[in-house]
Amino acid sequence: MATEGKNSLRQEAVEKIIFHATPKQWLKAGGPWILERGDGAFLYDADGREYLDALSGGVFAVLAGYGREEIARAMYEQARTLNYTSPYATTSVVTINLARKLAEVTPGDLSASFFCNSGSEAVEAAIKLAHQYHEANGERRYRVVSLRRAYHGATMGALSATGWSPGFGPFRRAADPMVPVAGHANAMPPYCYRCELGLTYPDCGLACATTIEQAILGSDPELVSCVILEPIMGTAGCIVPPPGYLAKVREICDRYGVLMISDEVVCGFGRTGRWFGVDHFDVIPDVMVVAKGLTSGYAPMAAAITKAEIADRIPIFFDVHTYGGHPISAAAALTNIEIIRREDLVRHSAEVGAHMIKLLEGLRTHPIVGDVRGRGLFMAVELMPAPSRDENLVLDMAVDNQVAEVARDMGLFIRPLGGTILLAPPLIFTRDQAERTVEVLDAALAEVEAHQLSGTRG
Ligand code: PLP
């Protein structure tokens with residue numbers, strides 16, 4: 001496409017599309033990134049440039065890779081056969097097959113799925129499942145305990161459970177006031193690198209988990225409905241909890257009759273080298289939330305999955321979405337899960353991820369690298385090794401943006417977020433692609449450091 005045509009397309013995009021959480025000033029200066037095609041782990045933009053995608057589409061969605069003929073064909077066939085069913089008392093064969101498959105791959109006795117369209121909707125549904133389960137038991141419990149730094153979604157209930165997460169402060173403020181009945185993010189994240197209490201594992205005695213108990217007690221324990229958390233915190237910067245943390249949270253929930261919701265919107269379906277994030281910790285939640293990787297981004301779909309004993313207890317579940325359990329999305333999800341199984345992508349994620357994190361460890365020699373962490377193909381390089389223990393530490397946001405910008409110029413797509421570089425490639429990523437990613441990141445860090453030191457980069 002000629003340069004003039006591309007510029008007018010960019011201009012039109014800025015005028016006619018309201019972009020999600022993207023500064024207008026940034027869009028006006030550089031325009032949006034207009035993509036044309038994807039293939040495997042590569043993306044191609046309207047200028048014909050190739051990028052290695054180390055972020056699964058930017059928000060961790062594309063597990064099985066781009067351009068999967070098998071998924072496209074399953075969606076096409078489903079569209080021809082039956083493109084829609086209503087969510088009331090109706091479903092399709094493909095949606096039942098998907099529910100069966102989810103019961104197989106999820107841990108323990110999670111077996112009943114409520115289908116909707118996005119992670120945010122599924123978080124809302126999980127919170128409603130908890131409330132309505134308690135109500136069926138004759139209890140009026142509605143308060144939600146969640147973690148600071150957590151991200152659970154953009155709808156008002158999910159946003160109310162969202163804690164301060166890098167870059168999401170203004171997002172929350174723009175939506176104030178929050179839903180009043182949901183307790184706000186009130187417990188401490190298991191963020192050992194910047195422990196709010198300045199403690200060190202294991203001497204800390206998992207004080208972060210204890211703050212969940214304090215949040216329950218500080219509320220009225222009889223009014224607390226659920227604790228929601230991400231088994232490995234995603235948007236917060238791939239925060240992996242220390243051993244024993246999740247088991248302790250499970251114990252606390254059981255002690256107070258509170259349901260435990262695991263938000264696996266990012267961690268699900270092999271992202272962290274196990275089928276689900278909780279599988280690393282041998283903990284079974286009462287409700288699990290999945291989205292993103294469920295369809296590898298081929299169609300919108302999400303689910304709140306719970307145990308039969310909870311689903312059976314609720315006589316009529318009050319939540320409804322016109323496109324819940326959509327047959328075409330279900331066909332995409334089912335085929336996607338079959339591919340993940342057949343190609344052994346969960347084990348592949350663990351193996352390539354372990355190789356990649358070893359290489360990333362080598363980046364600690366850069367003066368601006370503070371921490372490297374991750375599980376499977378989900379990793380973070382935290383910049384700015386400031387020793388501050390302050391939760392509100394002001395990081396130089398420009399540095400991570402600069403690193404990502406330089407990397408993109410070099411043909412690598414990574415994500416800067418609140419001073420951290422997030423890496424979450426598709427699960428089909430090869431060892432060579434992992435090595436290439438770390439090489440480019442290394443070069444980008446060196447370039448930014450050189451300019452920072454000489455003061456020539458803005
Ligand atoms: N939960 C987690 C952990 C997420 O990371 C996200 C989105 O990034 C959501 C929920 C919300 O999902 P969605 O954007 O599909 O509504």
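The model is predicted, so to speak of local features takes pLDDT of at least 70 and side-chain atom pairs count only at pLDDT 80 or more, while totals for chains, interfaces and linings use all residues. Residues are numbered from 1 along each chain as its sequence is written, and side-chain values use heavy atoms, leaving out hydrogens and water.

Start with the helices (DSSP runs of H or I, at least four residues; strands are runs of E, at least two, and both are numbered from the N terminus). Helix 4 and helix 12 have axes that come within 8 Å and cross at roughly 150 degrees. That makes the two roughly antiparallel, a label for angles over 145 degrees. Their crossing is right-handed, meaning the near helix is turned clockwise from the far one by less than a right angle. Contact here means heavy atoms within 4.5 Å; on the helix 4 side it includes Ile 71 and Met 75, and on the helix 12 side Ile 328 and Arg 342. By type, the contact residues split into nine nonpolar, three polar and two charged.

Now the sheet: four strands, open, antiparallel, in the order 11-12-15-14. Strands pair if DSSP finds at least two bridges between them.

| Edge strand | Residues |
|---|---|
| strand 11 | 369-375 |
| strand 14 | 415-417 |

Neighbouring strands are turned by 20 degrees against each other on average, direction ignored. Strand 12 and strand 15 pair over four bridges, and Ala 380 has Leu 422 as its bridge partner in strand 15.

Technical notes. Axes are lines fitted to C-alpha atoms, for helices over the stretch in contact, and angles run from 0 to 180 degrees between N-to-C directions. Angles under 35 degrees count as roughly parallel, over 145 as roughly antiparallel, 65 to 115 as roughly perpendicular and the rest as oblique. Ala, Val, Leu, Ile, Met, Phe, Trp, Tyr, Cys and Pro count as nonpolar, Asp, Glu, Lys and Arg as charged, and the others, Gly among them, as polar.
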